[in-house]
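Here is a short report on one protein model. Keep the sequence and the 3D view open as you read.

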Amino acid sequence: MTDVCILGGGLVGGVLGIALAKQGLVVTIVDRENRETMLNPKIDGRTTAINLASKIIFDELGLWDEITPHAEPILDIKVFEGGSPWSIHFDHQMMGQDPMGYIVENRFIRQAIIQQTLSLSNITWYDETSLLTKKITPSGVEIFLDNGQEIKASLLVGAEGRSSPTREEAGIKSYQFSYDQKGLVFSVYHEKPHNGVAWEAFHPSGPMAFLPIQDCPTSGRHRSGVVWTLPVEQGDFWFSQENTLIAAKLRELFGFLGEFEIAGQKWIYPLNAQMVDRFIEERLVIVGDAAHVCHPVAGQGVNVGWRDAAILAKHLQHAKNLGVDLGASSILKEYQKARRFDTWSIFAMTDGMVRLFSNNSSILHFLRNAGLGTVNRIPTLKRFFMRRAMGFS
Ligand SMILES: Cc1cc2nc3c(=O)[nH]c(=O)nc-3n(C[C@H](O)[C@H](O)[C@H](O)COP(=O)(O)OP(=O)(O)OC[C@H]3O[C@@H](n4cnc5c(N)ncnc54)[C@H](O)[C@@H]3O)c2cc1C
């Protein structure tokens, strides 16, 4: 008998598994991918912004020590609109000594999570495995896997990402919001140091983010991760271009880091947002991208998922202490209530940012500039936005 069975051992499912196992629960993680491949991925140039609230979660779970050698602190965030004199400068010192967050290559986060799950004897990990079917009984949920295993659990968690089959099968309705945009993702070497600055440059075609990565450990060259949001056709066009042409275009649009050179692989993703009408069903919770997907403009997506994991773990700990069934609907409803505001507010904030900035309207251009200038001059407003970016509501 396992306490909690998590379908999907990705960035969110893995962290949830660790949080629950550290509380003494017996956990099974099921992922369709090969675990060795997940542990030793190729260098692929993708990065994630880990905000300060998530760093604190990682610290509590003993994950941060593994990640910190690869983490570049975000000391400042600078936001501007291409061609406009107005900008906002968020300086971490307005909030204290800690950086606002860290940029880490995805492979290092994944390795830290999987290695930690391997060290915990109360986690069983089935890789290259998926759910076949499940049956709810009065005392739990019976889970039948395609590797022939049958598991009895108190609670099932769907953490299989945005296309979660568990969510679909449970009849939890998800609403899709398309931006008609694609995100072109890659790393670049650049001439000048980034000095810990994350840049968000808004152009009418869409935002372009430069996220500071640690200098290359072998060559010492300066590096940043780029997330370049473009209308679908332009995204496909630039994805198909030679790296030298892309580097020249970046130089034309963004003048603060000198000359660019594309480092490694490029990725392209259709960008859409997704929200569900509820996070729970009988003996089931969905977390992470299975429950909510937001535009990557503010680098918040997986951070919201890690807060799902931390808060679900807290509710289940409470249930365990009280001797209450972990799958009891009262516990799941409390969890859902605790997650509604945070998930919706991040969703609304990122959606609003993209719609406000991704167009050519002269009225909106005026309002944007007035807004940037105003926020930059009012410290209370600035602190409000900084707290949200750092993951605190
Ligand atoms: C361009 C781009 C840039 C981004 N940048 C950032 C950023 O800087 N900061 C940030 O916070 N977020 C960012 N995000 C969002 C972030 O990538 C996601 O929020 C995050 O990956 C969600 O994690 P997850 O564990 O919920 O899902 P996933 O990462 O999708 O993991 C799902 C896991 O489930 C497994 N799985 C899938 N189907 C099954 C199945 N049927 N059975 C078993 N296992 C299954 C998969 O193998 C995988 O391991 C970005 C997203 C995009 C598109």
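Two strands pair if DSSP finds at least two bridges between them. Keep that rule in mind for the strands below. The model is predicted.

Start with strand β1, residues 2-7. Of its 6 residues, 5 are buried, so the rest of the structure largely encloses it. Buried here means under 20% relative accessible area.

Strand β1 pairs with strand β11, residues 150-158, through 5 bridges. The two run parallel. Leu7 has Gly158 as its bridge partner in β11. Strand β1 also pairs with strand β2, residues 27-30. Here there are 4 bridges, and again the strands run parallel. Ile6 has Ile29 as its bridge partner in β2. How does the chain get from β1 to β2? The chain passes through helix α1, residues 11-22, and this β-α-β crossover is right-handed.

**An open sheet**

Now move to an open sheet of 8 strands. Its order is β6-β5-β13-β14-β15-β12-β16-β19, and the pairing is mixed. Which strands stand at the edges? They are β6 (87-91) and β19 (292-293). Each has a single partner strand, so one side of each has no neighbour in the sheet.

Strand β19 is joined to strand β16, residues 260-276, by 2 bridges. These two strands run antiparallel. Gln274 has Val293 as its bridge partner in β19. Helix α10, residues 329-357, packs on this sheet. Helix α10 touches β12 (174-190), β13 (197-203), β16 and β19. The direction of α10 makes about 70 degrees with that of β12.

**Empty space**

Rolling a probe the size of a water molecule over the atoms shows where empty space is left. A search of the whole structure finds 1 cavity of 30 Å³ or more. Its lining includes Met275, His292, Val293 and Cys294. Thr343, Ile346 and Phe347 are also among the lining residues. At least two lining residues come from each of β19, α9 (301-322) and α10.

For the second largest pocket, 20 residues form the lining. The closest to its centre are Ile57, Arg307, Ala310, Ile311 and Lys314. Helices α3 (52-60), α9 and α10 each supply at least two residues of that lining.

The table sets out the two spaces.

| Space | Volume | Gives the most to the lining |
|---|---|---|
| Largest cavity | about 50 Å³ | α10, with 3 residues |
| Second largest pocket | about 450 Å³ | α9, with 5 residues |

**Two residues up close**

Where does Leu120 lie? Leu120 is in the loop between α5 (106-119) and β8 (123-126). Is Leu120 buried or exposed? Its relative accessibility is 15%, so Leu120 counts as buried. Leaving out residues up to four places away in sequence, Leu120 touches Ile18, Ala21 and Lys22. Pro270 is 150 residues from Leu120 in sequence. In space, the two are 36 Å apart, C-alpha to C-alpha.

Thr166 sits in helix α6, residues 165-169. Thr166 has a relative accessible area of 3%, so it is buried. Which residues is Thr166 in contact with, leaving aside neighbours within four places in sequence? They are Leu7, Leu156, Gly158, Glu160 and Leu284.

Key:
Residues are numbered from 1 along each chain as its sequence is written. This is a predicted model: local features need pLDDT of at least 70, side-chain atom pairs count only at pLDDT 80 or more; totals for chains, interfaces and linings use all residues. Side-chain values use heavy atoms; hydrogens and water are left out. Buried means under 20% relative accessible area, exposed over 50%, partly exposed in between (1.4 Å probe, protein chains only). A crossover is right-handed if, with the strands pointing away from the viewer, the path from the first strand over the helix to the second runs clockwise. Contact means heavy atoms within 4.5 Å. Axes are lines fitted to C-alpha atoms, for helices over the stretch in contact, and angles run from 0 to 180 degrees between N-to-C directions. On a 1 Å grid over the protein atoms alone, a cavity is a set of points where a 1.4 Å probe fits but cannot get out, and a pocket is an open set with protein on both sides within 12 Å along at least five of seven lines; lining residues have an atom within 4 Å of a point. Grid points are joined across faces, edges and corners, and a volume is the space filled by probe spheres set on the points.
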